[in-house]
Amino acid sequence: MHDIDKGTLRRRQVAARTAMPDSIRNESGRLIRDHVLEMPQVTSAGTIAAYYSVGTEPDTRGLIFALWKRGSYVVLPVLLPDGDLDWASYEGPESLAPGPRGVLQPVEPVRGTGTVARADVVLVPALAVDVRGRRLGRGGGSYDRALARVGPQVPTIALLYDSELLPSVPAEEHDQAVRAVARPERGITWLPV
């Protein structure tokens with residue numbers, strides 16, 4: 001189980017996102033999109049594992065669409081009953097349908113849980129990340145399982161608001177670190193993982 005520190009921090013981060021004006025959230029999504037699109041690792045990537053933002057997360061819809069239009073092969077997660085993530089290709093906005101918990105996910109055939117291991121770049125949701133790359137997720141463990149399959153050379157990038165790179169985040173043995181964060185004003189920050 002998660003200790004109280006993780007739960008408290010998670011609640012604090014969710015509350016801060018909820019309090020953020022829509023205009024700031026929308027602008028943040030655009031800025032993050034532009035930073036990520038300009039990354040050499042993303043420009044040269046054949047396959048990009050991404051996620052479709054939900055609720056108050058930094059918006060990824062524009063980023064995913066731009067990557068797809070540019071010719072990148074984009075795969076998005078499909079939540080399995082056991083909480084693990086399978087992956088299927090994004091083929092434009094019409095290729096999505098509501099899945100578990102109302103999250104939009106691809107209707108294309110799933111490619112297997114190991115698909116994320118073959119991605120050149122992995123974009124990851126997070127509520128916060130610390131300066132050592134430790135990530136605070138929503139507590140389901142789905143992304144820790146997926147990130148455990150990703151090789152050490154692959155850029156794993158959490159998309160955050162500017163205030164969400166913290167000095168420290170409580171972590172457990174199974175928690176998987178990310179190698180970089182993308183933030184609206186600060187751009188890309190590589191972390192010493």
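**Sheet first, then helices**

Author: Let's start in the sheet: strands β9 (residues 156–159) and β11 (residues 180–183) pair in the parallel sense over three bridges. Strands here are DSSP runs of E with at least two residues, helices are runs of H or I with at least four, and both are numbered from the N terminus. Two strands count as paired if DSSP finds at least two bridges between them.

Reader: Before we go on, what kind of model is it, and how are residues numbered?

Author: It's a predicted model, where local features need pLDDT of at least 70, side-chain atom pairs count only at pLDDT 80 or more, and totals for chains, interfaces and linings use all residues. Residues are numbered from 1 along each chain as its sequence is written, and side-chain values use heavy atoms, with hydrogens and water left out.

Reader: OK, back to β11. Which residue there is the bridge partner of I157?

Author: A180. On the β6 side, four bridges join β6 to β9, again running parallel, and V124 has A158 of β9 as its bridge partner.

Reader: What's the strand order in the whole sheet?

Author: β3-β2-β1-β6-β9-β11-β12, an open sheet of seven strands with mixed pairing. The edges are β3 (85–89) and β12 (187–190), each pairing on one side only. On average, neighbouring strands are turned by 30° against each other, direction ignored.

Reader: Is β9 buried or exposed?

Author: Buried on both faces: T156 and A158 sit on one side, I157 and L159 on the other. Buried means under 20% relative accessible area, exposed over 50%, and partly exposed in between, using a 1.4 Å probe and protein chains only.

Reader: How does β3 pair with β2?

Author: In the antiparallel sense, over five bridges, with L76 standing opposite A88. The two strands form a hairpin with five residues between them, and G83 in the turn has a positive phi of about 90°.

Reader: Switching to helices. Which strands does α2 lie across?

Author: Helix α2 (residues 22–38) lies across β6 (121–125), β9, β11 and β12, at about 135° to β11. Angles run from 0 to 180 degrees between N-to-C directions, and axes are lines fitted to C-alpha atoms, for helices over the stretch in contact. Contact means heavy atoms within 4.5 Å.

Reader: Which residues of α2 are buried?

Author: R25, S28, G29, I32, V36 and L37. Seen down the axis of α2, they fall within an arc of 160°, so they line one face of the helix; the arc is that of the directions from the helix axis to the C-beta atoms. S23 and E38, on the other side of α2, are exposed.

Reader: And α4, where does that one go?

Author: Helix α4 (residues 61–70) lies across β1 (47–49), β2 (73–79), β6 and β9, running at about 135° to β2.

Reader: How do the axes of α2 and α4 cross?

Author: At roughly 35°, coming within 9 Å. R33, V36 and L37 in α2 meet G62, L63, A66, L67 and R70 in α4.
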